[in-house]
Amino acid sequence: MIKFLDLQTINQLHREELKNAFDRVLDSGWYIMGAELKKFEADFAAYCGVKHAIGVANGLDALILIIRAYKELGLFKDGDEILVPSNTYIASILAVSANQLVPVLVEPDLDSYNIDPSLLEAKITEKTKAILPVHLYGQLCDMSAINAIAKKHNLKVIEDCAQAHGAKKDGLTAGNIGDAAGFSFYPGKNLGALGDAGAITTNDDELAVAIKALLNYGSHVKYQNIYKGVNSRLDELQAALLGVKLKTLDMETSVKRTIVNRYLTEVNNPKIQLPKVREQEAHVWHLFVVRTNDREALQHYLTKNEIQTVIHYPIPPHKQTAYKEWAELSLPISEKIHNEVLSLPLSAVMKEHEVSRVIEVLNAY
Ligand SMILES: *Cc1c(COP(=O)(O)O)cnc(C)c1O
């Protein structure tokens, strides 16, 4: 079986260093908010070219805490609206709802699967406070268009970078192209921990200060609480492990780009629609997603040929039971995407013969 994502082999690459990091944390006797977190936050901030990186418990919390901090700073209030792409992973939308704000769904464009900037202005009302672009599958959104609209309407831009660690455009890295950004280090993401983890990046000092309190019970000083905060800290152990993997992230992305170039040049089956790439640097290939009319048939055929695939994502957010209030919405582009997409195997540990086999099987379909 050619695995969709062989996490075991990926983490084995770092076996010795990960074990050393574990030993260091074990022996330190200090497991929360210590030197490992500080070091990883500094390294990740430098990686993104941003002033502040703040470790949190997971990617969903990263987005929730950014919005929550804007509320505490008096910029957002209950019932305000945030524009989100209608085909995103549900977490981007949950982060808005969790704060008693209203997610307003905007369709993506079919070429990039990212939020379509030309549809944004029609959705802006006097309640709109932010745009939450999601760099889906690892490809940056059209941030110059999005930032221009945000500036014109005085909106915040909150990047969802959960799939786009290291994506670059015009010298800027994901996490440094809006007002604040949320990252996930879920094990299968481009930079993955050995468990749940996440981070927030921003150049906004005031926002960073508020977030640091909110994630720690609303407290800067022990036993003094200025907000009704939460516990969403990133532990020393995950920070230490992430520090190991951050060092090879760009190298792994470049291996993935080589594999992707083979897929893009050698797969030539008209039944399979390949992804379109705007710029090499702006895509870090969290996923290699193709489209086809009869997705179930293609997936079944690939499974029969021992090639594992995954659907990202099978049900659009507006068709989820959790968002019953959206059941009547018509979002034809999202619905088409959700019916047609299929993610192929892709990782830095895929072997050349496995890539060749995937290409051969796809072309024979
Ligand atoms: C994974 C993901 C999240 C949530 O991250 P977790 O760490 O799993 O909470 C948010 N947004 C997008 C686009 C994601 O892919």
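The ligand is surrounded by N58, G59, L60, Y89, A91, S92, V134, D160, A162, Q163, S184 and K189 (each with a heavy atom within 4 Å of it). Keep in mind that this is a predicted model: local features need pLDDT of at least 70, side-chain atom pairs count only at pLDDT 80 or more, and totals for chains, interfaces and linings use all residues. Residues are numbered from 1 along each chain as its sequence is written, and side-chain values use heavy atoms, with hydrogens and water left out.

**What the shell is made of**
- Five residues of the shell are nonpolar, five are polar and two are charged (Ala, Val, Leu, Ile, Met, Phe, Trp, Tyr, Cys and Pro count as nonpolar, Asp, Glu, Lys and Arg as charged, and the others, Gly among them, as polar).

- The side chain of S184 puts a polar atom 2.6 Å from a ligand oxygen.
- For Q163, a side-chain N or O atom is 2.8 Å from an oxygen atom of the ligand.
- For K189, the corresponding value is 3.1 Å, again to an oxygen atom of the ligand.
- On its own the ligand exposes 380 Å², and the protein buries 91% of that (Shrake-Rupley method, 1.4 Å probe).

**Aromatic pairs**
- The whole structure holds 12 aromatic pairs (ring centres within 6.5 Å; planes under 30 degrees apart are stacked, over 60 edge-to-face, the rest tilted).
- One of them joins Y113 and Y137 edge-to-face, at 5.6 Å centre to centre and 70° between the planes.

Key:
Polar contact = N/O pair within 3.5 Å; in protein donor to acceptor, adjacent residues only side chain to side chain. Phe/Tyr/Trp six-rings, centres within 6.5 Å; stacked < 30°, edge-to-face > 60°.
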